[in-house]
Amino acid sequence: MTEVRIGVDAVDRELVQLLKRRFGYMDAAARIKPERGLVRDEPRKAQVIENVRRHAAEAGIPQQPVAELWDRLIEASIAYEFEKFDRMRG
């Protein structure tokens, strides 16, 4: 069990680094988007979740829990991007 926990902890560290990278793209999006109303993009959100469902299916892992995780991730990303957008434009 110790080895399993060590492996899980290592994956968690990698995931945090990937999330850092993903949030960096939110920084870029906040700089690029000319209007605050463009931060929330429901068609893009649906596309991302559908992509994740497909990737989960291909990986042989449960699609619904992964889609739910991504829904929360996207909502956190949108909130982050709104904050960045507002700070950049004061």
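This is a predicted model: local features need pLDDT of at least 70, side-chain atom pairs count only at pLDDT 80 or more; totals for chains, interfaces and linings use all residues.
Colleague: Which residues make up the largest nonpolar core, and what makes a set of residues a nonpolar core?

Modeller: The largest nonpolar core consists of nine residues in all: Ala 30, Val 39, Val 48, Ile 49, Ala 67, Ile 74, Ile 78, Phe 82 and Phe 85. The name applies because a nonpolar core is a set of buried Ala, Val, Leu, Ile, Met, Phe, Trp, Tyr and Cys residues joined through side-chain atoms within 4.5 Å. Buried means under 20% relative accessible area, exposed means over 50%, and partly exposed lies in between (1.4 Å probe, protein chains only).

Colleague: How do you know that the length of helix α3 agrees with its number of residues?

Modeller: Helices are DSSP runs of H or I with at least four residues, strands are runs of E with at least two, and both are numbered from the N terminus. The expected span of a helix is 1.5 Å times one less than its number of residues. Helix α3 covers residues 63-89, which is 27 residues, so it should span 39 Å; its end C-alpha atoms are 38 Å apart, and the two values therefore agree. After α3 comes Gly 90, with a positive phi near 50 degrees.

Colleague: Against which elements do the buried residues of α3 pack?

Modeller: They pack against α1 (2-32) and α2 (42-59). Among these buried residues are Leu 73, Ser 77 and Glu 81. Ala 30 touches Glu 81, Lys 84, Phe 85, Met 88 and Arg 89, not counting residues up to four places away in sequence; contact means heavy atoms within 4.5 Å.

Colleague: Why is the pair Arg 54 and Glu 58 called a salt bridge?

Modeller: A salt bridge is a side-chain nitrogen of Lys or Arg within 4 Å of a carboxyl oxygen of Asp or Glu. The closest N and O atoms of Arg 54 and Glu 58 are 4.0 Å apart, so the pair meets the rule. Both residues lie in helix α2, four residues apart, about one turn of the helix.

Colleague: How many salt bridges does this rule give, and how far apart are the closest N and O atoms of Glu 83 and Arg 87?

Modeller: The count comes to nine salt bridges. For Glu 83 and Arg 87 the closest N and O atoms are 3.9 Å apart, and both residues lie in helix α3, four residues apart. Salt bridges that share partners also join Arg 40, Glu 42, Lys 45, Asp 71 and Glu 75 into one network. Within it, the side chains of Glu 42 and Arg 40 meet at 2.6 Å, N to O.

Colleague: Are Glu 58 and Arg 54 exposed or partly exposed, and why?

Modeller: Glu 58 has 59% relative accessibility and therefore counts as exposed. Arg 54, at 39%, counts as partly exposed.

Colleague: Why does Val 4 count as it does?

Modeller: Val 4 lies in helix α1, and its relative accessibility is 48%, so it counts as partly exposed.

Definitions and conventions: Residues are numbered from 1 along each chain as its sequence is written. Side-chain values use heavy atoms; hydrogens and water are left out.
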